[in-house]
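User: Hi, I have a protein open here and I would like to go through it with you. Could you start with the words I will need?

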Amino acid sequence: MENLTIAERQEELVFHKLAQVENEIDEKEITIQSWIERDEDLTNESVCGIDQRQKILGTLQLPHMAICKLYMKAKNGLNYVGSGWLVAGNRLYTAGHCVYSESSGGWKSSIIAIPGKSGLSEPYGRYEAVELMATKGWIENTSPRYDMGAIKLSKSVSHNSFISPSIEDPNIGEVCGYPADRDNGIFQYRMSDNLVKDSGRFFYQADTFGGQSGSPLLRNRCTGVGIHNYGGCPNKSSDLYQEFIDAVANW
């Protein structure tokens with residue numbers, strides 16, 4: 001993989017370091033109902049007809065051990081939920097609006113990632129974000145095609161199994177993440193569907209909901225080809241591109 005120079009990375013992507021927080025993670029704060037995203041923020045996620053999502057109970061194998069539940073605090077004082085997927089020990093992909101949103105005050109002020117969360121079970125622990133990244137296309141133009149982001153964690157997770165990013169155009173894909181409308185958003189749900197590709201985005205009827213933004217669009221379960229970020233029936237993912245993959249790999 002060809003390394004990008006610092007100048008090339010800065011042309012395409014924007015990086016933001018979070019202020020260091022010395023306090024321990026508040027167990028009560030991240031498990032109370034207020035961490036479920038507000039209803040008005042869930043409207044862009046859609047169940048298309050009869051809900052056909054499948055609940056995942058076991059998260060001790062790929063891809064589920066690499067899919068993360070995200071708890072995010074914004075500068076407007078509100079709390080949000082999302083999903084992400086590990087591509088390395090301390091780096092994960094997510095939607096751009098999960099890390100940066102003008103409507104909630106810009107960059108999120110803190111994010112907690114929990115890989116493989118399954119109900120109250122957190123088999124690999126919790127990790128705090130120390131740096132965020134989003135594309136300039138999202139930050140400057142709020143372009144849905146470039147609604148893509150990444151998170152760097154304070155340390156590597158306790159397992160070595162990750163989802164491999166790839167630039168591909170498969171005919172069938174699966175979305176798997178943490179929808180907030182099912183079980184208070186603490187279990188993974190998945191669904192597969194045919195894919196249509198247009199202008200750098202994948203379109204599908206696979207059911208999703210708020211809290212699932214940032215989920216991987218998977219090909220053959222363990223290869224990620226897109227980042228889920230919108231509903232609307234068809235629901236949508238942005239496809240991956242080389243500058244984004246390289247920048248995260250060399251972060």
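Analyst: A residue is called buried when its relative accessible area is under 20%, exposed when over 50%, and partly exposed in between, using a 1.4 Å probe and protein chains only. This is a predicted model, in which local features need pLDDT of at least 70 and side-chain atom pairs count only at pLDDT 80 or more, while totals for chains, interfaces and linings use all residues. Residues are numbered from 1 along each chain as its sequence is written, and side-chain values use heavy atoms, with hydrogens and water left out.

User: OK, what share of the residues is buried?

Analyst: Of the 251 residues in the protein, 56% are buried.

User: And how many helices and strands are there?

Analyst: The protein has five helices and 18 strands, where helices (H or I, at least four residues) and strands (E, at least two) are DSSP runs numbered from the N terminus.

User: Which residues touch the most others in the largest nonpolar core?

Analyst: They are Tyr93, Ile151 and Phe244, in a core of 47 residues. Strand E9, which covers residues 127-135, gives the most to this core, with five residues. A nonpolar core here is a set of buried Ala, Val, Leu, Ile, Met, Phe, Trp, Tyr and Cys residues joined through side-chain atoms within 4.5 Å.

User: New topic: is Arg53 buried or exposed?

Analyst: Arg53 counts as buried because its relative accessibility is 8%, and this residue lies in the loop between helix H2 (27-31) and strand E2 (54-56).

User: Which side chains does the Arg53 side chain make polar contacts with?

Analyst: One is the side chain of Asp51, at 2.6 Å, and another is that of Asp181, at 2.8 Å. A polar contact is a pair of N or O atoms within 3.5 Å; within protein, one must be able to donate a hydrogen and the other to accept it, and residues adjacent in sequence count only if both atoms are side-chain atoms.

User: Last one, where is His159?

Analyst: His159 sits in the loop between strand E10 (148-153) and strand E11 (164-165), and it is buried, with a relative accessible area of 7%. A polar atom of its side chain lies 2.8 Å from the backbone oxygen of Met65, and a polar atom of the His159 side chain lies 3.1 Å from the backbone nitrogen of Ser161.
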